[in-house]
Amino acid sequence: MEKVFGIPEGMNDKKTAFCPGCTHMTAYRLIVECLNELGERDNAILCRPIGCSLNADGSFDIHTIQSMHGRASAVATGVSRMNPTKTVMSYQGDGDAISIGVAETLYAANRGEKMTAIVINNQIYGMTGGQMSPTTLIGQRSTTGVRRADDTGYPLRFAEWLGQLEAPGYVARAALYTPKDIMQAKKFLLKALRCQKELGRYSYIEFLSFCPTNWGVQPKDCLKYCQENVLPVFPVGEFKSCF
Ligand SMILES: Cc1ncc(C[n+]2csc(CCOP(=O)(O)OP(=O)(O)O)c2C)c(N)n1
Ligand code: SF4
Ligand SMILES: [Mg+2]
């Protein structure tokens, strides 16, 4: 019998520490699949800070380097400059990339570092228990309060912002929601990685992700919740493309 679906080369079925319904692992799978297709998995380095991304440890086979919270784009800058032939990625949460590390993420983009920033936007500080992040929605509950525009401002549309800069070659947002969304996310990620590798440019890709645990939404209800609340604020699409 022909096998049509399975665990991609470079991943295993080891149990991870992710909560049920979390979509971080979907992002990892897409990264592994894209690197496999590009023949770059052995030549890739993934820079990760602190966040729920670490729950995938041991389940994928890519070289990684650990940074402090917020500093993954800065570490990726150094790794990329010292290893210009490598495929260098950062894998950051929204809190990491757009709050504590916003300067590092923004200036790596503005300098046009040869790297791909992959940002998991789940609208919350997941790992530390659901504090408000820069992408928390208006009216959304967090453990540090309910988001109100006149108090904590509006959710930051960082992809749209980076899309205005001169240096980046590719900027996009995709959703890790339905199979159709995930296929689009993979298409965008392939372009982001090719833009970096083939043209030596900076790429930024944001993945809209579920955090049922901290949203207080059952995994089975997350899709409807996101279609009604997240996608109107964070539209998917390409904001800049060198292809
Ligand atoms: C310098 C520093 N500040 C704060 C923390 C605590 N901290 C660890 S993970 C985290 C939040 C991560 O949220 P996000 O980046 O959105 O990733 P997620 O867990 O949601 O995927 C925080 C505040 C830390 N470890 N180091
Ligand atoms: S806290 Fe949220 S982001 Fe972290 S593993 Fe659980 S569902 Fe995923
Ligand atoms: Mg987050």
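Which residues point one way from β3, and which the other way? I began with this question, working throughout from a predicted model.

**Entry 1: strand β3**

I looked up the strand residue by residue. T87, M89, Y91 and G93 point one way from β3, while V88, S90 and Q92 point the other way. I noted that all of them are buried. The strand, residues 87–93, is thus recorded as mostly covered, with seven of its seven residues buried.

I then checked the strands that pair with β3. Strand β1, residues 44–48, pairs with β3 in the parallel sense over four bridges. Within that pairing, A44 stands opposite T87. On looking up β4, I found that five bridges join this strand to β3, and that the two run parallel. Here M89 has T116 of β4 as its bridge partner.

**Entry 2: helix α4**

I asked which residues of helix α4 are buried. In this helix, residues 102–111, they are E104, T105, A108 and A109. They lie on the same side of α4, because they cover an arc of only 125° around the axis. I next looked for what covers them, and the list includes α2 (72–82), α3, β4 (116–121), α6 (158–162) and β8 (203–208). Just after α4, I noted that G112 takes a positive phi of about 65°.

**Entry 3: the nonpolar core**

I recorded 62 residues in the largest nonpolar core. I118, I205 and F207 have the most contacts inside it. Helix α1, residues 24–38, gives the most to this core, namely seven residues. As a general remark, nonpolar side chains tend to be buried together in soluble globular proteins.

Leaving aside residues up to four places away in sequence, F207 touches A27, I118, I120, N121, A174, L176 and A185.

**Entry 4: the two ligands**

I asked how many residues surround ligand 1. There are 19, and the closest are G51, G93, G95, D96 and G126. Helix α3, residues 94–100, supplies the largest share of this shell, with four residues.

For ligand 2, I found 13 surrounding residues, of which C19, C22, C52, G126 and C211 are the closest. The largest share of the shell around ligand 2, three residues, comes from helix α8, residues 212–215. This shell divides into seven nonpolar and six polar residues, with no charged ones. I noted that G126 is listed among the closest residues for ligand 1 and also for ligand 2.

Terms used
Residues numbered from 1 in each chain as written. Chains lettered and ligands numbered in written order. Predicted model: local features only at pLDDT ≥ 70, side-chain atom pairs only at ≥ 80, totals over all residues. Near = placed C-beta within 6 Å. Nonpolar A, V, L, I, M, F, W, Y, C, P; charged D, E, K, R; others polar. Buried ≥ 20, exposed ≤ 12 C-beta atoms within 10 Å, placed from the backbone. Arc of directions from axis to C-beta. Contact = placed C-beta atoms within 7 Å. Core = buried A, V, L, I, M, F, W, Y, C linked by C-beta atoms within 7 Å. Pairing = 2+ DSSP bridges.
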